Amino acid sequence: MATEQTYIMVKPDGVQRGLVGEIIGRFEKRGYKLVAAKLVHASVEHLEKHYADLKGKPFFPGLVKYMASGPVMALVFQGKDVVKQGRVLLGATNPLASAPGTIRGDFGIDVGRNICHGSDGVESAKKEIALWFGEQNPTIEYNRVLDSQIYE
Ligand code: DAT
Ligand code: MG
């Protein structure tokens with residue numbers, strides 16, 4: 001059984017627009033297992049850490065301000081190839097370049113309001129999960145009865 005995990009976060013616009021259930025549902029229906037979840041109103045300092053790689057970009061101050069404007073839904077999903085497949089479910093960074101059927105392609109227009117975050121690699125996922133859920137036991141381990149119907 002694959003144990004890869006990704007950090008998925010419904011951004012403040014997604015929470016405000018009532019898309020939390022829709023986004024969790026898309027990952028669940030695909031077959032991915034939810035292993036951590038919490039609603040967080042993050043501080044600017046915390047968000048600057050989350051987006052540290054983008055410090056220096058012209059949109060960085062606006063990005064952090066928007067991300068701190070309301071609660072986000074912090075999620076961890078687990079399963080085979082979930083980091084890459086999570087990015088596929090999200091669509092392109094710019095919603096206007098995202099295919100219909102993806103989260104951003106179905107619900108977004110502007111890049112600065114693109115609804116949902118997903119880790120871009122296995123290593124960044126580990127860092128993001130530790131940042132949002134702590135280093136010690138960040139996720140819940142449990143057996144799912146349907147796993148034998150999802151994985152061969
Ligand atoms: P992604 O979220 O697809 O991994 P990223 O890590 O490059 O994209 O950027 C993080 C977020 O920053 C992105 O979801 C939205 C915002 N952003 C990226 N490029 C932007 C731009 N050119 N103008 C405004 N916001 C941007
Ligand atoms: Mg990114």
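**Exercise 1. Which helices and strands each supply at least two residues of the lining of the largest pocket?**

Solution. Begin with the ground rules. This is a predicted model, where local features need pLDDT of at least 70, side-chain atom pairs count only at pLDDT 80 or more, and totals for chains, interfaces and linings use all residues. Residues are numbered from 1 along each chain as its sequence is written, and side-chain values use heavy atoms, with hydrogens and water left out.

Step 1: On a 1 Å grid over the protein atoms alone, a pocket is an open set of points where a 1.4 Å probe fits, with protein on both sides within 12 Å along at least five of seven lines; lining residues have an atom within 4 Å of a point. Helices (H or I, at least four residues) and strands (E, at least two) are DSSP runs, numbered from the N terminus.

Step 2: name the elements. They are H3, H4, S4 and helix H7 (122–133). H7 gives the largest share, 4 residues.

**Exercise 2. Describe the space and the lining of the largest pocket.**

Solution. Step 1: take the volume, which is the space filled by probe spheres set on grid points joined across faces, edges and corners. It comes to about 710 Å³.

Step 1: turn to the lining. It has 25 residues, and His-50, Tyr-51, Leu-54, Leu-63 and His-117 lie nearest the centre.

Step 2: sort by class. The lining holds 8 nonpolar, 8 polar and 9 charged residues. Here Ala, Val, Leu, Ile, Met, Phe, Trp, Tyr, Cys and Pro count as nonpolar, Asp, Glu, Lys and Arg as charged, and the others, Gly among them, as polar.

**Exercise 3. Find the residues that UniProt annotates as "binding site", then examine Phe-59 and Asn-114.**

Solution. Step 1: read the record. The unreviewed UniProt entry lists Lys-11, Phe-59, Arg-87, Thr-93, Arg-104 and Asn-114 under "binding site". The lining of the largest pocket includes Lys-11, Phe-59, Arg-87, Thr-93, Arg-104 and Asn-114. Such annotations may be inferred rather than shown by experiment.

Step 1: The scale is: buried under 20%, exposed over 50%, partly exposed in between (1.4 Å probe, protein chains only).

Step 2: Asn-114 is buried because its relative accessible area is 3%.

Step 3: list the contacts of Asn-114 (heavy atoms within 4.5 Å). Beyond four places in sequence, Asn-114 touches Lys-11, Asp-13, Tyr-66, Thr-93, Pro-95 and Arg-104. A polar atom of the Asn-114 side chain lies 3.0 Å from the backbone oxygen of Thr-93.

**Exercise 4. Is His-117 buried or exposed?**

Solution. Step 1: locate His-117. It is in strand S4, and the unreviewed UniProt entry marks His-117 as "active site".

Step 1: check the area. At 9% relative accessible area, His-117 is buried.

Step 2: find the neighbours. Leaving aside residues within four places in sequence, His-117 is in contact with Tyr-7, Ile-8, Met-9, Lys-11, His-50, Tyr-51, Leu-90, Arg-104 and Glu-128.

**Exercise 5. Where does Phe-133 lie, and how far is it from Val-76?**

Solution. Step 1: Phe-133 lies in helix H7. Its relative accessible area is 16%, so Phe-133 is buried.

Step 1: compare sequence and space. Phe-133 and Val-76 are 57 residues apart in sequence and 9.2 Å apart, C-alpha to C-alpha.

Notes:
Chains are lettered from A and ligands numbered from 1 in the order in which they are written. Contact means heavy atoms within 4.5 Å. A polar contact is a pair of N or O atoms within 3.5 Å; within protein, one must be able to donate a hydrogen and the other to accept it, and residues adjacent in sequence count only if both atoms are side-chain atoms.
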